[in-house]
Amino acid sequence: MHEYGLFSFDSKDEFLEKSMQFWNPDKTQFWQDSGVDLVIDRREGYLLWDMNGRRLIDVHLNGGTYNLGHRNPEVLSSVRDAMGHFDMGNHHFPALARTALAEKLVATAPPSLTKVAYASGGGEAIDIALKSARHATQRRKIVSIVKAYHGHTGLALATGDDRFSKLFLSDQDSEFPHVPFNDLDAMEQALRGRDVAAVIMETIPATYGFPLPDPGYLEGVKSLCEKYGSLYIADEVQTGLMRTGELWGITKHGVEPDILVTGKGISGGVYPIACVLLSDKAGDWLEVDGFGHISTFGGAELGCFAALKTLEITTRPEVRSMVHYCADLVGSVLRQVQQNHPNWFTGIRQNGVIFGLEFNHPEGAKFVMRELYELGVWAIFSTLDPRVLQYKPGILMTPDLTEELLDRTALAIERAEQSVGSNSWKAA
Amino acid sequence: MSLDVTQSLASDRQSPQVKAFSEISQAGHALERATWAAREFGTYSATDINRIVSAVADAASRHAEEFASATVDETGFGVVEHKIQKNLACSTGLLDEYAGADFVTPRVDSEKKVLEIPRPAGVIFALAPSTNPVATVYFKVLLSLMTRNAVLISPHPMAKVVSNRAAEILAEAAVGAGAPDGVIQSLPEPSLPLIEAVMKDERTKLILATGGTAMVRSAYSSSNPALGVGPGNVPVFVDSTADVRAAAAHIVDSKKFDNSVLCTNESVLIAEDSIADSLVREMSRLGAHFLTVEESKKLADVMYPTGRLNSEVVGKDAHVIAGMAGINSGPKTKVLVAPISAPVPEEVMTHEKLAPVLGFLRVTDAERGISAARAIVRIAGAGHSAAIHSTNSRTIMAYGAAVPVLRMTVNAGNSTGSAGLGTSLATSMTIGTGFVGRSGVGENLQPSHLVNWTKVAHSTLSQDPMPNYSGLDPWRSHDQPVPEYPVASNAQRDYSVAAPTSVADGVISKLGASADGDRISAVSDAALRAEIRRLVAQELANMSKG
């Protein structure tokens, strides 16, 4: 019997049956077929426990949502404390916690960003960003990269790969041109007509397997934006919050974006919230019609407390230093592992503790994911490029846990190589 | 634009428990950063360590004067010129003392067939007292660096500004010379709950506790390894065979030194009747003011108003203390000497003083002198130190055997002598009081106490040879920043341009400043100071109580 207060399940099997029956049959089945029978139960720090008690080190972090670890005690304590006085708040009125968080976010951001709008999740935040750009430029087109991913809401979905839009007959129209990544000429072609409201870019495209922008690429895109009167939107949902070793990854490129979007990790993994940081120009609608975008749960005040604490922890000088240590150790050990498997482990994409590990098989990352899972590590393949494993250690990883993770990883990579060579198993 | 609104709003809404938890968590992150640093530092070569230790000692000595006067300004304790001496002794002095010492390179004992590989403690949590704040920071930092340990300093709240500044200067010098980032850190806002939490934290590998008895006991009950020291209460015995003139000079000089704030400072003078009068004459000539019984009573009322030491007198000039007691001693007075009729605890002048005041007891012979010294140490100061002025080797030996202390100086001032200045004891701001003084260390704290050695033992049978380890060194030299700055893997690794000039840096320092409490209002600052004074008074009281 598995007891969880308001509900219980007799067994994992019973739970999985109900998951198929009442929730999401395809997704539930997909993981069973992939050899990952994970049902996350207890969670603490960077550790997860399956319903059956198996311990896993989490380097998926749900896209950085658990950047500070699961149930970070400081975030929990702040939200608990806030619950003694606050609830979600009323989005119609000026709100204490929303304003406090906005001020802190602006203080931490590149100087171009002066206002903050709130959403309840990353997709909505991207929609706000795109709507803001359209209002500010009075143009409609939004340029994104091929294989982009910015979320599943209306406008966000249109910027992304049709993997997620066709299903819902929502695939892109002419207002959402996609250009190849790392191709400045193609970008210039797209912008030349001076009819583009904004270019939206993840600083490193996560779902595409973290291909790194060529040196100078993002800087080039920014100057093209300036040249043709388009806004630059930095999607920092997965690259922000110190994951690159600086609070916002885009600052390492010296780019001052017109809009910056943060989600996932800013919630502290505890209370959903996403934020859109806007320049004076991009935030113009907030001067003209502040009721232009309305979101009951957007910027819920309890979420603001989670975000304030998250920001405080993340910006501690000690934490920045710890991230640099962790990035240095993980990078150098993985490079050694790579030297031992040069034909299999073909590339390491690294910026800080953001890693895309490339394997020499069209679905190589699925093999490694499964071996890692067997060895007690949870990392996920890149949906839009399954050759590449997303490998995302949290920013508060301890030296001991990092060493343990690396030991397990080296073994999993070796086993996956053998399994690809000897096994006809194909990932679903 | 200012962060004030955010800051005050956030903190107004935070309960005190959440705020305390946040401070403890940030200190935890300092320990975590130190753990990373120590992990790297433990691979540094002897050459690296020599370079880093010299650079840090240099930086420390360059700031010796500045920090000496800043210390006296901030704490109100002691004498600038003597603090300079201590700061120099604990910077370039230590460098000279341990020149050639090597706590890094493996050692081979071919005869015993044992290879020894040093294993640093890792992360050291070092407490510093208000009386020797900067010298102690220097001392504990350099010892930590010599032995490849990371160190987190807890400055005394009364000296936190100068101590944090000192730690910052040393940290910059260390990292500048190639040490890992975060190898030296300090707690910006030390408080008792915070210190206790750090002492208990499993990331703390060794506590160096110098301070009041309560703090030292707390270190020992933290469940982590600790090297703590007990209070001193130093008897000095002058016997009939002493060179009275020289003894008088040593005693007065020692009492003058930094206005007696060192724990090694003489507390009670015991003199054999046969030389007592001439000792009084000689000491008076040198600036000692011998009080009448009446004056002594007035002084006791000021120094021990509730039976506990009044922190207002600590480290003050003798004539200032005399003034506080309504005694007119004149500005030339360097030491106040108060007569004691018997070495018993109810005579308050038998207790530790941390001020240029000396209790004075006459005894009929050496045997009585020795038992009086034992009585003084029984009141407080077990395991600490004692002094004797004598030319009779039997008396000196008997005194050494009978008085339960772990160091004594002969025919020299004890303030500096037992701290290793002018004697061949290890120069130390931390005086181990050993088992008798409820401590895990019986020597003056020194680098060898901060490192373990892995013993790689081989069979002693003659037919089993020991492999040749000579010339092997498991460590490597470091000539790049540690850790490396996280440049994207597809970008050129060029350290000349890799240094981040990003906006985030500025922001962090901005946030850091506000989090450090720079924005505390004048009102709450005053309250904080009052609270600190209360804590210090309590700590000193506990110390003097023993």
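Tutor: Two strands pair if DSSP finds at least two bridges between them. Strands (E, at least two residues) and helices (H or I, at least four) are DSSP runs, numbered from the N terminus. The model is predicted: local features need pLDDT of at least 70, side-chain atom pairs count only at pLDDT 80 or more, and totals for chains, interfaces and linings use all residues. Residues are numbered from 1 along each chain as its sequence is written, with chains lettered from A and ligands numbered from 1 in the order in which they are written.

Student: What is the strand order of the open sheet in chain B?

Tutor: Seven strands run S10-S11-S12-S9-S8-S13-S14 in chain B, with parallel pairing.

Student: Which are the edge strands, and what makes them so?

Tutor: S10 (288-290) and S14 (405-410) of chain B; each pairs on one side only. Neighbouring strands of this sheet are turned by 25° on average, direction ignored.

Student: How do you know that S8(B) and S9(B) pair?

Tutor: Five bridges join S8 (234-238) to S9 (266-272) in chain B. The cut-off is at least two. Therefore they count as paired, and they run parallel. Among the partners, Val238(B) has Ala271(B) in S9(B).

Student: Which strands does helix H14(B) touch?

Tutor: H14 (366-379) of chain B packs on the sheet, touching S8, S9, S12 (357-363), S13 (383-389) and S14 of chain B. Its direction makes about 165° with that of S9(B). Axes are lines fitted to C-alpha atoms, for helices over the stretch in contact, and angles run from 0 to 180 degrees between N-to-C directions.

Student: Why is S10(A) called largely enclosed?

Tutor: Five of the five residues of S10 (231-235) of chain A are buried, that is, 20 or more other C-beta atoms, placed from the backbone, lie within 10 Å of each residue's own. So the rest of the structure largely encloses this strand. Leu231(A), Ile233(A) and Asp235(A) lie on one side, Tyr232(A) and Ala234(A) on the other.

Student: How many bridges join S10(A) to S11(A)?

Tutor: Three, in parallel, with S11 at residues 259-262 of chain A. Ile233(A) stands opposite Ile259(A) there. S9 (196-202) of chain A also pairs with S10(A), in the parallel sense over five bridges. Ile200(A) has Ile233(A) as its bridge partner in S10(A).

Student: How many residues does each chain give to the contact?

Tutor: Chain B gives 39 residues and chain A gives 44. Contact needs C-beta atoms, placed from the backbone, within 7 Å. H2(B) supplies the largest share of chain B's side, twelve residues.

Note on methods: Contact = placed C-beta atoms within 7 Å. Buried ≥ 20, exposed ≤ 12 C-beta atoms within 10 Å, placed from the backbone.
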